[in-house]
Amino acid sequence: MRITNEEVPPGPVPEWLLKHLISQLSEDTPYSDGGIARILVIYPNSEFRREIIGKISNRGYVVDNTLHHTITSLMDSIMSDFRMPMKFKKSSSFELILHEECKRASAKLAFPIINPLPNMNWSRGQTKALIELHSFLSSESQAKNWKGPGIKTFRKILQSLESQLNRTYDDFLSERLIDKLAGSEKPFSLTDVDGIMMLNHSPTIPKSHIDFMKAISHHC
């Protein structure tokens with residue numbers, strides 16, 4: 001991994017970085033031929049991203065949005081590079097479908113610890129609890145290896161729905177991208193990027209995001 005951690009004064013984006021982001025908009029010479037480095041910036045949130053893009057636009061420049069990302073939006077971009085199925089839209093209708101699948105699985109004793117009898121009622125609350133637990137475990141890169149009750153079956157149900165509907169469930173995105181990045185050439189979104197500047201993020205950044213950025217660092 002080619003990663004460094006630099007200490008900078010707290011506050012707004014440094015002026016030198018803004019100048020660089022503006023300079024690279026009009027620089028055609030590749031970095032390898034003596035031009036300035038083409039830098040992709042990762043912002044801690046979309047509000048900060050919009051603020052900096054606005055500052056550059058207000059100085060009269062047309063911004064290349066592909067060089068300004070949050071970790072989530074970069075994931076979506078790399079996902080498109082690998083031509084993965086589109087993500088599910090989170091909605092009450094999908095949760096209802098998921099609940100019905102869990103209910104059927106419960107009747108077949110697929111959740112033996114949570115619902116040990118085939119005629120026991122499977123509630124919406126139980127489905128919601130599994131959704132929230134799986135989401136948390138996935139964000140911390142723990143879902144795949146979790147041995148607690150229910151998660152292994154729940155993942156199979158999600159994967160079955162993905163296959164039937166040709167969609168990607170958001171919880172699986174980071175682990176799949178990491179696997180693909182480990183066995184691929186440089187993704188298209190990064191082909192003309194010389195380096196990545198990741199600005200100050202929260203200390204509670206999910207482990208799955210850290211693992212994703214580590215996988216990206218093998219390419220850039």
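Trainee: In which loop is S141 found?

Mentor: The model is a predicted one, in which local features need pLDDT of at least 70 and side-chain atom pairs count only at pLDDT 80 or more, while totals for chains, interfaces and linings use all residues. Residues are numbered from 1 along each chain as its sequence is written, and side-chain values use heavy atoms, with hydrogens and water left out. Helices are DSSP runs of H or I with at least four residues, and strands are runs of E with at least two, numbered from the N terminus. On that basis, S141 is found in the loop between α5 (124-139) and α6 (151-165).

Trainee: What is the phi of S141?

Mentor: S141 is partly exposed, at a relative accessible area of 31%; that term covers values between buried (under 20%) and exposed (over 50%), with a 1.4 Å probe and protein chains only. S141 is a residue other than glycine, yet its phi is positive, near 55°.

Trainee: Which loop holds N166, and what is its phi?

Mentor: N166 is found in the loop between α6 and α7 (170-182). It counts as partly exposed at 48% relative accessibility. N166 is also a residue other than glycine with a positive phi, near 50°.

Trainee: How many salt bridges does a search of the whole structure find?

Mentor: Side chains of opposite charge can pair when their charged atoms come close. The criterion for a salt bridge is a side-chain nitrogen of Lys or Arg within 4 Å of a carboxyl oxygen of Asp or Glu. By this criterion, the number of salt bridges found in the whole structure is 12.

Trainee: How far apart are the closest N and O atoms of E101 and R104?

Mentor: Both residues lie in helix α4 (residues 92-107), three residues apart, which is about one turn of the helix. E101 is partly exposed at 25%, and R104 is partly exposed at 48%. In their salt bridge, the closest N and O atoms are 2.6 Å apart.

Trainee: Which residue meets D179 in a salt bridge?

Mentor: The N to O distance in this bridge is 4.0 Å, and the partner of D179 is K144. The pair links distant parts of the chain, 35 residues apart: D179 lies in helix α7, and the loop between α5 and α6 holds K144.

Trainee: Is R155 buried or exposed?

Mentor: The side chain of R155 meets that of E175 in a salt bridge of 3.0 Å, N to O. This pair joins helix α6, where R155 lies, to helix α7, where E175 lies, 20 residues apart. With a relative accessible area of 8%, R155 is buried.
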